[in-house]
Amino acid sequence: MALIPNPDLRRALVERIRYYNELGIYDFYQRERQISEPSPAAEDAVLTTTQPEQREEMSPRKSAAVAPIPEENIFEVLTPKPEQQAIDPVAALKLIREDLGDCTRCKLHKQGRKQIVFGVGNPRAELMFVGEGPGADEDQQGEPFVGRAGQLLNNMIKAMGIGREDVYIANVVKCRPPGNRTPERDECDTCSPFLMRQIAVIKPKVVVALGAVAAKNLLAINAPMAELRGRFYDFMPAGARTSDPNWQGAKLAVTYHPAFLLRDPRQKGEAWKDLQMVMKYLGLSVPGNLSR
Ligand code: SF4
């Protein structure tokens, strides 16, 4: 805390950090600023303008007169994520689930959910699928993709020559939106830090975003499916340590949500092209057409 000499500001920052930790947010990045004499107004600005969603990597400071910023973010040192204590991804995912608790962080908790649908599958999976949110069957059973769309996803995974138990499956929001409506922006923003932490722990080689909602939330870009599909994106979940020598991020591909494919089966061929692209990257042999 040597960079924050003002005790009131320091206390306020600690309180603010605790508040964000409660929301599941542990990573904070400071915008680069011109260094002259620090003023109280500038210190206040740290509190009022540096929001967690304005994440930027720290850049080296330009002035040699200022103490160098340590490699590791000072706030990470202060508030390590619970899963950073874990020795393996199984334990780490358990700690993230415990941190989520009986979550009431967004309004979906009071809109009829039966339970939180955390995620399922291999904690060391090379391939991860991310949908938008649980439906009625998932809410009932506490597992993502178990209804009709889940059956189709299982078929898609099988067509790739692997099993559901080989991959990890999760959603952007972990509680069922009422009437299966699309999760709203504030709900996605509140819940997605937990998904990002799950991805950072699993360290997959490839993440497949199922549908536009998942794609837009993971990539933070707003584009139609036609533009999002057909290519890989370099993906590093927000808050993951870029210095981890064992994982430099995943490739992210976008394909149609299985529920959409049930409504419009003509698009299955297009989805299969997306999966073939993923299979090639993962070194899986590419068989015939996607089974129905
Ligand atoms: S959707 Fe996510 S943030 Fe909202 S209440 Fe459920 S678990 Fe909490």
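Is Cys191 buried or exposed? Cys191 is buried, at a relative accessible area of 10%. Buried means under 20% relative accessible area, exposed means over 50%, and partly exposed lies in between (1.4 Å probe, protein chains only).

## About the model

This is a predicted model, in which local features need pLDDT of at least 70, side-chain atom pairs count only at pLDDT 80 or more, and totals for chains, interfaces and linings use all residues. Residues are numbered from 1 along each chain as its sequence is written, and side-chain values use heavy atoms, with hydrogens and water left out.

## The ligand and its shell

Which residues surround the ligand? They are Leu100, Cys103, Arg105, Cys106, Leu108, His109, Arg113, Lys174, Cys175, Thr190 and Cys191. A residue counts as near a molecule if one of its heavy atoms lies within 4 Å of it.

This shell divides into six nonpolar, two polar and three charged residues. Ala, Val, Leu, Ile, Met, Phe, Trp, Tyr, Cys and Pro count as nonpolar; Asp, Glu, Lys and Arg count as charged; the others, Gly among them, count as polar.

## The cavities

A search of the whole structure finds two cavities of 30 Å³ or more. The ligand takes up the space of the largest cavity. A cavity is a set of points, on a 1 Å grid over the protein atoms alone, where a 1.4 Å probe fits but cannot get out. A molecule sits in a cavity if more than half of its atoms lie within 2 Å of the grid points.

The largest cavity holds about 110 Å³ of space. Grid points are joined across faces, edges and corners, and a volume is the space filled by probe spheres set on the points. The lining has 14 residues, and Cys103, Cys106, Arg113, Cys175 and Cys191 lie nearest the centre. Lining residues have an atom within 4 Å of a point. By type, the lining divides into eight nonpolar, three polar and three charged residues.

## Cysteines without disulfides

How many disulfides does a search of the whole structure find? The search finds zero. Cys188 is in no disulfide, and the nearest cysteine sulfur, that of Cys191, is 8.3 Å away. A disulfide is a pair of cysteine sulfur atoms within 2.5 Å.

Cys188 is buried, with a relative accessible area of 2%. Val173 is 15 residues from Cys188 in sequence, and the two are 5.9 Å apart in space, C-alpha to C-alpha. Val173 is found in the loop between strand S3 (168-171) and H7. Val173 also counts as buried, at 1% relative accessibility.

Ala212 is found in helix H8 (residues 212-219). Helices (H or I, at least four residues) and strands (E, at least two) are DSSP runs, numbered from the N terminus. Ala212 counts as partly exposed at 26% relative accessibility.

Lys216 is found in helix H8. Lys216 is partly exposed, with a relative accessible area of 30%. Lys216 and Val254 are 38 residues apart in sequence and 9.6 Å apart in space, C-alpha to C-alpha.

## Positive phi in two loops

Lys203 is not a glycine, but has a positive phi of about 55°. Lys203 lies in the loop between helix H7 (185-202) and strand S4 (206-210). Lys203 is partly exposed, at a relative accessible area of 30%.

Ala220 is not a glycine either, and has a positive phi of about 55°. Ala220 is found in the loop between H8 and helix H9 (225-228). At 67% relative accessibility, Ala220 counts as exposed.

Key:
1 Å grid on protein atoms, 1.4 Å probe; cavity = no way out; pocket = protein on both sides within 12 Å on 5 of 7 lines; lining within 4 Å.
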